[in-house]
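Here is a friendly briefing to read with the model open beside you. Please take a look at the sequence and the 3D view before going on to the points below.

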Amino acid sequence: MVKVIVLLGVIFSTVLGAEEVDSVYERNCIPCHRYAPASLEKLFMVYLKTYSGELTLKGALKAFLKNPTEEDSLMNDTFIENFSVKDKTTLTDKELDEAIDTYWELYDVRKKLK
Amino acid sequence: MLVSKNKGTSLLRSSEKRSLLRFLALYFILVTMILSLLGVFYYQSQEKLMFSNQRTILAEYANKQAKALKQLHNDFPHRTTYPRSNKYRSAIYDIEGHKIFSLLKHDDIKFDKEIYRIGNSLHFLKTLDDYYLGTKYLFIEVDEDMAWYKETISDILAFGTLTLIVLIIFGLFFVSIFLRPMRNSIMLLDDFIKDTTHELNTPISAILANVEMMDTSIMSEKNQKRLSRINIAAKTVSHLYQDLTYLTLSHNRESKDEWIDMKQLIEDRVEYFAILAGAKKITFELDLKESAIFIDGVKIARVLDNLISNAIKYNKRNGKIFITLRKNYLSIQDTGIGINSKKVEEIFERYTRFNSSEGGFGIGLNIVKGIIDEYELEISVKSVIDEGTTIRIDFTKGTLDG
């Protein structure tokens with residue numbers, strides 16, 4: 001009986017641990033953008049076209065997420081009228097950097113061009 | 001024996017020749033530098049002309065590539081193949097100067113120049129306003145046939161060489177104009193010596209002949225000394241007269257080369273100079289072996305007389321003169337004041353004297369050098385200040401073996 005309880009405990013904790021393995025990006029970015037009209041992929045291309053370099057893009061994105069304004073938003077007016085500007089992020093700087101790095105790595109065009 | 005008859009008297013001293021050569025070298029360097037600079041300017045102007053001819057075509061390629069990048073950006077990531085052309089190669093860089101993608105042959109690109117040449121290729125840079133695929137800098141590369149380069153270089157070499165030759169001719173012309181006053185002054189001095197020489201002959205011959213004829217046995221010791229002084233003074237002037245005569249007159253006479261017994265000649269000349277040496281209590285130490293050379297007797301006598309005369313003139317009182325004769329060389333060493341090592345090279349120049357306190361025109365060693373050069377012998381000088389001077393003549397030609 002005791003062995004069964006221990007085994008169940010191990011399985012339960014493993015499942016919970018697996019949830020924690022999800023990255024900050026997956027937990028905080030994907031859930032909302034999954035339903036938004038602008039996909040993360042399209043948004044990346046808009047950011048890339050506007051800011052060009054890795055450091056410049058990451059810096060601009062971080063600044064916007066920490067303090068989103070209509071002026072700084074790259075979305076069109078119709079989108080903002082319908083959905084307004086997003087709320088300020090609740091993530092720490094470290095978490096924000098991690099999420100943005102993951103985002104860059106995922107859609108970096110250098111790795112995809114051939 | 002073949003002898004180069006170097007009769008033409010060079011009017012320029014070697015120091016003047018050196019100055020002349022230095023001037024010509026400096027002139028040549030300056031002219032070459034100016035021509036090189038002009039060549040560089042011409043090359044740059046031709047390169048700019050080529051750039052302006054190519055700019056329109058390259059700008060057209062760049063616009064075409066920018067449009068293709070825009071299309072790819074909009075289709076991304078469904079289409080990921082970078083746009084290529086068979087007319088040019090291209091590369092894209094982001095705002096931070098990091099490479100996004102490149103097809104260039106030469107990847108060492110420049111962000112601060114719109115158009116430039118690298119190897120056999122031309123690079124054209126276009127800066128984009130919209131950063132499609134993150135592109136801020138778009139580079140277009142085309143191969144170049146280098147025809148303009150070959151033409152420009154051949155133009156520079158042809159015109160440069162022609163101009164250099166013309167300028168060198170001008171330089172030589174100017175130098176000859178600048179040298180004319182110097183030549184005139186030397187010729188004037190030579191003419192003066194020539195004229196003076198004629199006037200010396202009769203009185204010196206009279207003095208020497210009368211001194212020889214005088215019966216010294218009936219003279220008092222005091223008068224004998226006085227006569228000896230007159231003899232020394234007359235011989236000194238006679239020696240100078242012979243040098244001047246050789247320099248101005250004998251130079252143009254035909255050489256009469258014959259086998260000269262050097263041992264006998266040296267002994268004769270030492271005897272001739274004995275009274276002169278005795279006045280300074282200088283003694284000769286002779287170490288003579290048999291030697292004969294095929295040479296003009298008057299000329300080799302002038303060589304010996306001048307070397308012995310200098311060894312006496314610049315020796316100290318109670319000094320010594322060592323004369324060594326071997327089959328292939330003769331050396332005359334004195335125990336005199338010596339010559340500064342820096343001045344050793346100049347001693348053979350005409351009108352140069354070891355020491356201004358001694359008399360003379362400074363023509364003796366110039367005569368020696370002229371004869372040595374004429375018979376292709378070798379002369380070397382070793383000197384130590386306050387210890388003495390050794391002059392050695394090597395009989396490289398004209399000996400019984402030579």
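**Strands, helices and rings**

In chain B, strand β7 (residues 283-288) and strand β9 (residues 320-325) pair in the parallel sense, over 6 bridges. Please keep in mind that this is a predicted model.

**Around β9 of chain B**

- Within the pairing of β7(B) with β9(B), B:T283 has B:K320 as its bridge partner in β9(B).
- β9(B) also pairs with strand β10 (residues 329-334) of chain B, here in the antiparallel sense and over 5 bridges.
- Look for B:I323 in this second pairing, where B:I332 of β10(B) stands opposite.
- The two strands β9(B) and β10(B) make a hairpin, and 3 residues lie between them.

**The five-stranded sheet of chain B**

- An open sheet in chain B has 5 strands, with antiparallel pairing and the order β2-β1-β5-β4-β3.
- The edges are taken by β2 (99-102) and β3 (115-118) of chain B; each has a single partner strand, so one side of each has no neighbour in the sheet.
- From one strand to the next, the twist averages 20°.
- Strand β1 (residues 89-93) and strand β5 (residues 137-143) of chain B run antiparallel and are joined by 5 bridges.
- Opposite B:I92 you will find B:L138, in β5(B).

**Helix α2 of chain B**

- Helix α2 of chain B covers residues 147-213, which is 67 residues; at 1.5 Å a residue the helix should span 99 Å, and the 94 Å between its end C-alpha atoms agrees with this.
- There is a kink of about 35° in α2(B) at B:L179, shortly before the proline B:P181.

**Chain A at a glance**

- Chain A has 7 helices and 0 strands, and its pattern along the sequence reads α-α-α-α-α-α-α.
- Of the 114 residues in chain A, 31% are buried.

**Aromatic pairs**

- Over all chains, a search of the whole structure gives 21 aromatic pairs.
- One of them joins A:F79 and A:F83: the ring centres are 4.8 Å apart and the planes are at 35°, so this pair is tilted.
- A:F79 and A:F83 are 4 residues apart in helix α6 (residues 77-83) of chain A, and therefore about one helical turn separates them.
- Why do residues three or four places apart in an α-helix point the same way? An α-helix has 3.6 residues a turn, so such residues end up pointing the same way.
- A:F79 has a relative accessible area of 18% and is buried, whereas A:F83, with 46%, is partly exposed.
- A:Y103 and A:Y107 make an edge-to-face pair, with 5.5 Å from centre to centre and 80° between the planes.
- These two tyrosines, A:Y103 and A:Y107, also sit 4 residues apart, about one turn of helix α7 (residues 93-107) of chain A.
- Both A:Y103 and A:Y107 are buried.
- A:Y103 and A:Y107 belong to a cluster linked by ring pairs, together with A:Y25, A:F44 and A:W104.

**Charges over rings in chain B**

- Where does the charged end of B:R392 sit? This end of B:R392 sits over the ring of B:Y329, 3.8 Å from the ring centre.
- B:R269 has its charged end over the ring of B:Y272, at 4.5 Å from the centre of that ring.

How values were computed:
Residues numbered from 1 in each chain as written. Chains lettered and ligands numbered in written order. Predicted model: local features only at pLDDT ≥ 70, side-chain atom pairs only at ≥ 80, totals over all residues. Heavy atoms only, no water. Phe/Tyr/Trp six-rings, centres within 6.5 Å; stacked < 30°, edge-to-face > 60°. Buried < 20%, exposed > 50% of the residue type's maximum accessible area, 1.4 Å probe, protein only. Lys NZ or Arg CZ within 6 Å of the ring centre and 35° of its normal. Pairing = 2+ DSSP bridges. Axes fitted to C-alpha atoms, helices over the stretch in contact; angles between N-to-C directions. Expected span 1.5 Å × (residues − 1). Bend = angle between axes of the 7 residues up to and from the residue.
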